[in-house]
Amino acid sequence: MVTDFKKLIDQCDNELNIRGYSTIHHQKIRTEWDRLKRWMEENSYTDFTESIGLTYCDENFGAHILTVQLNEEEKRGLRAIRMLISFQKSGEFEFRTPRVERVFIGDIGRTIHAYLQYGRYVLSLSNETIRNKELYLYEFHEYLNNNSFTLNDLSSDIMEDFFSVIGYSLSSRHVSASTLRIFLRYVYEKGLTPKDYSIYILPDNYKKHNKIPTTYNEAEIRSIISSVERSSAIGKRDYLILLLAAEYGWRTKDIVRLRFNQIDWEKNVIRFNQSKTESPVEYPLLSSIGNAIIDYLKNGRPKTAAEEIIVSAESSKKGQPLSSPTIHSIVSRYMAKANINNWKKKKHGAHSLRHSLATNMLRKNVAMPIISTVLGHQSTQSTKVYLSVDIEKLRECTLPIPELCSVHYRRDVL
């Protein structure tokens, strides 16, 4: 972690250039960094730390998180300082200035903080994974502190009360339980607790309650893709995004992480490790996808040094890689434009196009192992959920109800 202020500024300044920040926007950020530099010199600070950055924000803006009291200039200044803090911690600028602060305090807080640092720097977990862990661990930390519990007090009753108090949905409880199990095993392995308290987190039946995937038929998919106005730069980008989701069934993270080095133009294949499983996958470079990529690169992609192919066209983020929420918004926008029936009441992100690809393949009698390969599933068990969507095939599996011959059954009683 770089603490030398000048080196940190140089790195962040270079990152701004790579991301193609406009000259005016870049200069405003540099102006705030220069103010911070003068403040540090006045207070005899030579190295920059998160604590120093937050103190500067509190003194100059009255807060170090986003509040309604801040004016636009103060918000911009706060953003500039938090960019330094987040880049120093993770090598990336945080997506947006937070409105809520999660502060871990006490022995439990220090233990959680050490675990998150271990995950970030030893296990090299992604920033998104760290953020998700931080969210669930913070709620657990607050519950324990509010009830004056320590980790050594944990029991099945306490854990069940925690889940009840928080009021998680079934899926959120499942993720929280998984996060806490891993954390408690870490604590035990580090010798911080006398036994493995993860045993007190009872198993749930989340997988038994899997919902039927939301899908759209082929006509609806064609309508969504056809609704894109491809003459504009943004249209060329959005068209490529929709094709990747609809024709390959890619997950959102794999779409935003598509890079030049993943495409082998000579062999007409795309290879990469899936973001979710890290398992390698290979796709034939379809002509529709290849042409869309070329059209976007030649006529739509902003000039940028980003390794990712698909980038933002917005003036404030021009040339920066897209985020997952942006992909969801893009897919939703074209569902609305295509007037898809009841799309708002159904799942309407890129994942729904992935589900649709699998289901439409199944309706064409494509073998389950092939569908699993296309989706990048490790096992056909993960693919079998789509069987519940193919109503016509399920009707073929129905069995006639045998006639009742029991003496306890009388037709005339009905």
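Helices (H or I, at least four residues) and strands (E, at least two) are DSSP runs, numbered from the N terminus. This is a predicted model, in which local features need pLDDT of at least 70, side-chain atom pairs count only at pLDDT 80 or more, and totals for chains, interfaces and linings use all residues. Residues are numbered from 1 along each chain as its sequence is written, and side-chain values use heavy atoms, with hydrogens and water left out.

Q: Which residue just after α14 takes a positive phi?
A: Helix α14 covers residues 350-363. Just after α14, a positive phi of about 65° is taken by N365.

Q: How many of the 14 residues of α14 are buried?
A: Buried means under 20% relative accessible area, exposed over 50%, partly exposed in between (1.4 Å probe, protein chains only). The buried residues of α14 include R354, H355 and N360. The helix is largely enclosed by the rest of the structure, because the number of its residues that are buried is twelve.

Q: What is the angle between the planes of W250 and F272?
A: Rings of Phe, Tyr and Trp (its six-membered ring) pair if their centres lie within 6.5 Å; planes under 30 degrees apart count as stacked, over 60 as edge-to-face and the rest as tilted. Both W250 and F272 are buried. Their pair is edge-to-face, with 4.9 Å centre to centre and a plane angle of 80°.

Q: Where does F272 lie?
A: W250 lies in the loop between α10 (233-247) and α11 (252-256), so its pair with F272 ties together parts that are 22 residues apart in sequence. F272 lies in strand β2 (residues 269-273).

Note on methods
Expected span 1.5 Å × (residues − 1).
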